[in-house]
Amino acid sequence: MDILPYPHPALHWKSKPIQEINADLRKVVAEMFELMYAANGIGLAANQVGLPYRLFILNLSSDPALKDEEIVFINPDILKRKGSTEGEEGCLSFPGMYGPVKRAAKIEIEAFDLDGSCFEYSLDDLAARAVQHESDHLDGVLFIDRLSETARRELDPVINDFESQFRRWQAEGRFASDDVIKSQLLQLEPKPPAASNG
Ligand code: ZN
């Protein structure tokens, strides 16, 4: 498992709800935390490691020693958004690139944890911003899609560099073609349990 760079097709994928919380999923989450800490991140979505699951993780301290700060969001749903605030964002799929993004100032979010319990948070500041950024990932939306026109124009050359680099890697075989990756993503989508007869 690796953190995938833009424009890997998984980053544009609308992820599917997780059907079962099991040992495999716990292993995925543990690996995601390791990758996130290694990259000094505060949040990571399953899309970013090539898994089309509605799941993201957060540790706003970015400190692996602070396990209490770790939060796992499974099948999250933002219930309310209030106000608006602009702030600088980055993304582990765009290493080294930052830009200003407008987000709701306060949100209420509901999700499930790794024990399958439903929880609800009211968040503001960095937590609200991070959760909105990560929730967007699950819908295949990236922070570059939310930049102002001016900021987007300024960052376009950097975004183009990410694009060229990824196409080179595909040509070299380090990544499969978009079509192959898309069919793999379809295979990986969580499937609802088959309906019973009768
Ligand atoms: Zn991101």
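Here are some questions and answers about this predicted model.

User: In what order do the five strands of the open sheet sit?
Analyst: Start with the edges: β1 (43-45) and β7 (118-124) each pair on one side only. The pairing in this sheet is antiparallel, and neighbouring strands are turned by 40° against each other on average, direction ignored. Reading across the open sheet, the order is β1-β2-β3-β6-β7.

User: How many bridges join β2 to β3?
Analyst: Strand β2 covers residues 55-58 and strand β3 covers residues 71-82. Across this pair, Phe56 stands opposite Phe73 in β3. The two strands run antiparallel, and the number of bridges joining them is four.

User: At about what angle does α1 run to β2?
Analyst: Helix α1 spans residues 23-38. This helix lies across β1, β2 and β3. Its angle to β2 is about 45°.

User: And which strands does α2 touch?
Analyst: Helix α2 (125-138) packs on the sheet too. Its direction makes about 155° with that of β2.

User: Is Ser135 buried or exposed?
Analyst: Ser135 has its place in helix α2. The cut-off for buried is under 20% relative accessible area. Ser135 has a relative accessible area of 11%, so this residue counts as buried.

User: How far apart in space are Gly96 and Glu149, C-alpha to C-alpha?
Analyst: Along the sequence, Gly96 and Glu149 are 53 residues apart. In space, C-alpha to C-alpha, the distance is 20 Å.

User: Which residues make up the covered face of β5?
Analyst: In a regular strand the side chains alternate between the two faces of the sheet. For β5, the uncovered face has Tyr98, Pro100 and Lys102. That leaves the covered face with Gly99, Val101 and Arg103.

User: Which residue stands opposite Lys102 in β5?
Analyst: Look to β4 (85-90). Six bridges join β4 to β5, and the two run antiparallel. Opposite Lys102 stands Glu86.

User: Which element supplies the largest share of the lining of the largest pocket?
Analyst: This pocket has a volume of about 390 Å³ and is lined by 20 residues, with Ile42, Glu89, Gly90, Cys91 and Tyr98 nearest its centre. The lining divides into ten nonpolar, six polar and four charged residues. Both β4 and α2 supply at least two residues, but the largest share, five residues, comes from α2.

User: Which helix gives the most to the lining of the second largest pocket?
Analyst: The second largest pocket has a volume of about 210 Å³. Its lining includes Asp24, Leu25, Val28, Tyr53 and Pro190, and divides into six nonpolar, two polar and three charged residues. With three residues, the helix that gives the most is α1.

Methods: Residues are numbered from 1 along each chain as its sequence is written. This is a predicted model: local features need pLDDT of at least 70, side-chain atom pairs count only at pLDDT 80 or more; totals for chains, interfaces and linings use all residues. Side-chain values use heavy atoms; hydrogens and water are left out. On a 1 Å grid over the protein atoms alone, a cavity is a set of points where a 1.4 Å probe fits but cannot get out, and a pocket is an open set with protein on both sides within 12 Å along at least five of seven lines; lining residues have an atom within 4 Å of a point. Grid points are joined across faces, edges and corners, and a volume is the space filled by probe spheres set on the points. Ala, Val, Leu, Ile, Met, Phe, Trp, Tyr, Cys and Pro count as nonpolar, Asp, Glu, Lys and Arg as charged, and the others, Gly among them, as polar. Two strands pair if DSSP finds at least two bridges between them. Axes are lines fitted to C-alpha atoms, for helices over the stretch in contact, and angles run from 0 to 180 degrees between N-to-C directions. Contact means heavy atoms within 4.5 Å. Buried means under 20% relative accessible area, exposed over 50%, partly exposed in between (1.4 Å probe, protein chains only).
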